[in-house]
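Here are my notes on the model, as numbered points. Please read them with the structure open.

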Amino acid sequence: MEPVKLGVIGWGGRAQGLIRGVLAKGGSHLFEMTAVSDLFQKKLDLAHDEFGMAESALYLDYHGLLEDSNVEAVLVETGAQVMAAISCDALNAGKHVCVDVPMAFTRQEVWDLIVTVEKTGCAYCMGEQVRFANFVKKWKEHIGRGDIGEPLFIQGEYIHPSAAPYFVHKETGDPYPGTLEEAARDPNYRPTWRNKLTDPIKYIPHETSPLLKILDDRIARVSCYTCDKRMYGDAIAKQDLQCALMQTDEDRVVRIINSFTAPRKGNYAHHWYHIMGTDGVLESSRPLWGDDAFQRKEELLLDRDGNARHTTYGWAREEDNPFKDSTGGHAGLEAFVFQQFYDAIRGDGNNELDVYTMAEVVLPGIIAAESAAAGGVQIAVPSVRPSAERPKGSYPKS
Ligand SMILES: NC(=O)c1ccc[n+]([C@@H]2O[C@H](COP(=O)([O-])OP(=O)(O)OC[C@H]3O[C@@H](n4cnc5c(N)ncnc54)[C@H](O)[C@@H]3O)[C@@H](O)[C@H]2O)c1
């Protein structure tokens, strides 16, 4: 079968890494990049130089790419705040959409996406990749066998103090070469989407997606707290750290912490996962405990017989990686995302990254930000699935 003709919107670090490291390598039989859009001509020139893209396939305005008949599907790799609107425009133009994490920034945008997917019938995926990690598969098996009893308390952390650009040049998109404080005063530079990610808890999918998959559960209620801002003053709008406390449909308690600025020193960056059951514990390791690679390779299993052992499930699954390549940025897990997207378009439509599953992963972060703004009040997470009260293609009544 012919590869899917793919247009990429947003030619930043992530898009370049995905095309260079995943789709142009193991995934070239599934997708062919036929067009690129970015706000900066300099970025389009990079796509032209590295991938030989024709001038006619490069767009400063993404609406032109959406009218291109040589584009069947779109990969949205812009900043978080504009992803949902671009995705809806693409779906309404009849293009299948794969959008990166976190897919939406507000509750309204989540509903816009759901309703637009339902109305257009186009394939839709949000590319959350950690849910395909080997430890997720193995922990789900442990829980299914009752190895730690009934899960009670679930924790996740995404701590990633980032050197990513917080200011870019208004004309070229180049990152500011000096300090943040200087950048904030330079009229030629503007804050990036990362700078304006005011609530780090909105970047929750890499924790909720694998954990809810393991538990086969849904977040039902959320409250969240924000630390008083102590870092970077007005130079970065993002809060230092947020902590959400949540309860699931199955009455389990979930605690998620996100920070993308702290701690400033020591290369302490990680995804971390923990599940305490009635009879045991599953826990991944954190940095500086020995192996300090970003993707933790060891876990703890305390089983129902009281035996503790270290497992080495890790992230990579070379043996069942669809592209047989775990060298990509996140242990090759993006291959699973692109295989899902391809199957959703050309295959049986079986898609665990569908708009409902992903909305259940994203909404708790958006609602956590609402809770934090209201001083930590508990807020219910609405059901996103179609029902008698909300038939397909309609918005919820309240
Ligand atoms: N799944 C993951 O592990 C993972 C990892 C990194 C980034 N991401 C996500 O990928 C996305 C991109 O991240 P990044 O690091 O490449 O950011 P980036 O800022 O480097 O790149 C974003 C690009 O989008 C372009 N852009 C913005 N608005 C546009 C528009 N209207 N039309 C066309 N282009 C537009 C910008 O000019 C920029 O080049 C983010 O949403 C981020 O959350 C996910």
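**Notes on the predicted model**

1. Ile 148 is buried, because 22 other C-beta atoms lie within 10 Å. The cut-offs are these: buried means 20 or more other C-beta atoms within 10 Å of a residue's own, exposed means 12 or fewer, and partly exposed is in between, with C-beta atoms placed from the backbone. Ile 148 sits in the loop between α6 (134-144) and β7 (151-159). Helices (H or I, at least four residues) and strands (E, at least two) are DSSP runs, numbered from the N terminus. Leaving aside residues up to four places away in sequence, Ile 148 touches His 142, Ile 143, Ile 275, Gly 277, Asp 279, Gly 280, Val 281, Leu 282, Asp 303 and Arg 304. Contact here means C-beta atoms, placed from the backbone, within 7 Å.

2. A word on the basis. The model is predicted: local features need pLDDT of at least 70, side-chain atom pairs count only at pLDDT 80 or more, and totals for chains, interfaces and linings use all residues. Residues are numbered from 1 along each chain as its sequence is written.

3. The domain assignment gives domain 1 (4-129 + 332-351) and domain 2 (132-320). Such bounds come from an automatic or database domain assignment. The C-alpha centres of the two domains are 25 Å apart. Their contact takes 14 residues from domain 1 and 15 residues from domain 2. The domain 1 side has 7 nonpolar, 4 polar and 3 charged residues. In this classing, Ala, Val, Leu, Ile, Met, Phe, Trp, Tyr, Cys and Pro are nonpolar, Asp, Glu, Lys and Arg are charged, and the others, Gly among them, are polar.

4. Helix α5 (residues 107-120) packs on helix α10 (residues 355-373) at about 175°, with axes 10 Å apart. The pair is therefore roughly antiparallel. Axes are lines fitted to C-alpha atoms, for helices over the stretch in contact, and angles run from 0 to 180 degrees between N-to-C directions. Under 35 degrees counts as roughly parallel, over 145 as roughly antiparallel, 65 to 115 as roughly perpendicular and the rest as oblique. Arg 107, Val 110, Leu 113, Ile 114 and Val 117 of α5 meet Val 355, Ala 359, Val 362, Leu 363 and Ile 366 of α10. That contact has 9 nonpolar, no polar and 1 charged residues.

5. Helix α4 (residues 83-92) also packs on α5. Their axes come within 10 Å and cross at roughly 10°, so α4 is roughly parallel to α5. The residues of this contact divide into 5 nonpolar, 4 polar and 2 charged.

6. Check the backbone exceptions. Most residues other than glycine have a negative phi, and most peptide bonds are trans. The bond from Val 101 to Pro 102 is cis, with omega near 15°. Ala 262 and Pro 263 are also joined by a cis bond, with omega about -5°. Asp 216 has a positive phi, near 55°, and is exposed. Lys 324 has a positive phi, near 50°, and is exposed.

Technical notes:
Contact = placed C-beta atoms within 7 Å.
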